[in-house]
Amino acid sequence: MDADVTDSAGTPADPDLPAGDTPQGRSQEEPGAPDPKEEPEPGAVPENDAPQDSGDEGKADADEGKADAGEDSEGGGRDGDQHGSDGKSAAGAQTWADHPKDGSASRRKRPWMRWAALGASFLVMISAGVGWWLYKKLDGNITTDTSAAAELKVYEKERPTPVAMDAQNILLIGSDSRSGDNRKYGRDDGGSQRSDTTILLHLAADRKSATAVSLPRDLMVEVPKCRTGDDKETREQFTQFNSAFEVGGTACTIRTVERLTGIRIDHHMVVDFNGFKDMVDAVDGVEICLKKPIDDKDARLELPAGRQTLNGEEALGYVRARKTLGDGSDTERMERQQKFLGALVNKMQSNGVLLNPTRLYPVLDAATKSLTTDPGLDSLRDLYDLVRSMRDVPTDQVQFLTVPRQPYRQNVNRDELVEPDASELFKQLREDKPVAVVPADELKKKEGEKEKAQDEKPDDAGSDSESPTPTPTYSGSSAADDLCEQ
């Protein structure tokens, strides 16, 4: 019985070797196997060059070898491709030592691929986590003004109806509160505040222009009845503009602007001193030019004449100083604020800040920390959409001007509107029509040329010779202006 098994199975396997392995130079004889001394057929691999496994384990290894190396049956296999037509082996044919014994070399590579995939997935998860943390941090910086929204809803019937639906009108309010971190800029009067700077920002529906109109704090206006912080109602009165913010806060200021201009305010933002200062620092300062040196102790500012870059603290003193700059009027201070804001916008666009997340983050962080907005702009996504809609506006179409005004006839320390110029400006913005701004000296020159042309015009000139209504032009500046060429 044992002899029959030995004859049918061939030479017994070496007990010192794993099943299916054969030492180099030793062949396993099977019934019907060709004589190893015979010439191999063309395209066949010599038996002494490729080991043959026996039993099920040999088949499994052979199948795995096919999966890794491809089917040998196609075109005679890779080894077969290296033989000539006479069946002789070409130079460089693989030897027994070149063949992996059981496909383990291929299997050894696969764990590294799995580790690489796991590492890449881990990095993606970390990046997503950091991005989400940054987003939530910026989003949480913003303070939502729900009380203003509630009060505006109460007076909804009094508010203007929007005319240009896709245009946006945003009221920017600079708070001069001396409480908290702002107390070093002046006396703390119990936390009360006035609107030190108020700008009506109009974004055209096509987002090809942006017009920022400064409203003087000393402008005499009609302030409507407003609710105070202790839920009392004030009386309607004719007084200076910035008192509306002091007695009735943001909602009262918005309603005063809407009554003055007939323009529906879509959103509002209140920024305090530190927000402005940190934004300037976030863009590494803003360059200006001074014709004369400045030494203003009240503004905590001492600067030499000439071209220089202001940091946040210096910039804040520069835009707020009044007594030692120019004629000391609020009018000149507003013009200086407008030009500085234009330079800030220009730097953010020209240096690619708005397109570079690494550089944009510090700006957003500084802005959102001291920003109070209505519920429509109280998320980072809302602010990002607003900034994205503005980043393609050409700098020469980001315009700054002050509403046409003159000294108030009953008190030269106050202002009043110049009509019909002011009403014409408000109408253009309300209907989303263009306005143009030029430097004050250039505007005076144009007005002189216009008057001269009117004087020289024949009395019998008909209306057919008149040109279409020109775009209204006002004294102002744009973000493209170089402050050192003024």
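Among contacts in the chain between residues at least 6 apart in sequence, what percentage join residues at least 24 apart? The share is 67%, where contact means heavy atoms within 4.5 Å.

The structure is a predicted model, in which local features need pLDDT of at least 70 and side-chain atom pairs count only at pLDDT 80 or more, while totals for chains, interfaces and linings use all residues. Residues are numbered from 1 along each chain as its sequence is written, and side-chain values use heavy atoms, with hydrogens and water left out.

**Overall composition**

The chain holds 13 helices and 17 strands. These elements are DSSP runs numbered from the N terminus, with helices (H or I) of at least four residues and strands (E) of at least two. Of the 486 residues in the chain, 36% are buried. Buried denotes under 20% relative accessible area, exposed denotes over 50%, and partly exposed lies in between (1.4 Å probe, protein chains only).

**Nonpolar cores**

A nonpolar core is a set of buried Ala, Val, Leu, Ile, Met, Phe, Trp, Tyr and Cys residues joined through side-chain atoms within 4.5 Å. The largest such core has 31 residues, and Leu-171, Val-403 and Leu-425 touch the most other members. At least two residues of this core come from each of α5 (146–154), β2 (168–175), β5 (220–223), α6 (243–261) and α12 (421–430). The greatest contribution to this core, 6 residues, is that of α6. A second, separate core contains 30 residues, including Val-280, Ala-282, Val-283 and Leu-316.

When neighbours within four places in sequence are left aside, the contacts of Leu-171 include Thr-198, Ile-199, Leu-200, Thr-253, Ile-254 and Val-257. Ile-265, His-267, His-268 and Met-269 are also in contact with Leu-171.

Helix α8 (residues 312–320) is mostly covered, with 7 of its 9 residues buried. The buried residues of α8 are Gly-312, Ala-315, Leu-316, Gly-317, Tyr-318, Val-319 and Arg-320.

In helix α11 (residues 380–390), the buried residues include Leu-380, Leu-383 and Leu-386. These residues lie on the same side of α11 because they cover an arc of only 125 degrees around the axis. The arc is that of the directions from the helix axis to the C-beta atoms.

**Salt bridges**

Side chains of opposite charge can pair when their charged atoms come close. A salt bridge here is a side-chain nitrogen of Lys or Arg within 4 Å of a carboxyl oxygen of Asp or Glu. The whole structure contains 14 salt bridges.

Glu-416 counts as buried because its relative accessibility is 10%, whereas Arg-409, at 69%, counts as exposed. Lys-427 is partly exposed at 36% relative accessibility, and Glu-431 is partly exposed at 29%. Lys-433 is likewise partly exposed, at 39% relative accessibility. Elsewhere, a network of salt bridges links Glu-156, Arg-159, Glu-258 and Arg-264.

Asp-218 is found in the loop between β4 (210–214) and β5. Asp-218 is buried yet has no salt bridge, and the nearest side chain of opposite charge is that of Arg-217, 4.2 Å away. For charge, Lys and Arg count as positive and Asp and Glu as negative, while His and the chain ends are not counted.

The side chains of Asp-218 and Gln-240 are joined by a polar contact of 3.5 Å. A polar contact is a pair of N or O atoms within 3.5 Å; within protein, one must be able to donate a hydrogen and the other to accept it, and residues adjacent in sequence count only if both atoms are side-chain atoms. Beyond neighbours within four places in sequence, Asp-218 is in contact with Gln-240, Asp-330, Asn-413, Arg-414 and Asp-415.

Thr-331 lies in helix α9 (residues 330–350) and counts as partly exposed at 24% relative accessibility. With neighbours within four places in sequence left aside, Thr-331 is in contact with Arg-405 and Asp-415. Thr-331 and Arg-405 are 74 residues apart along the chain, and their C-alpha atoms are separated by 9.4 Å.
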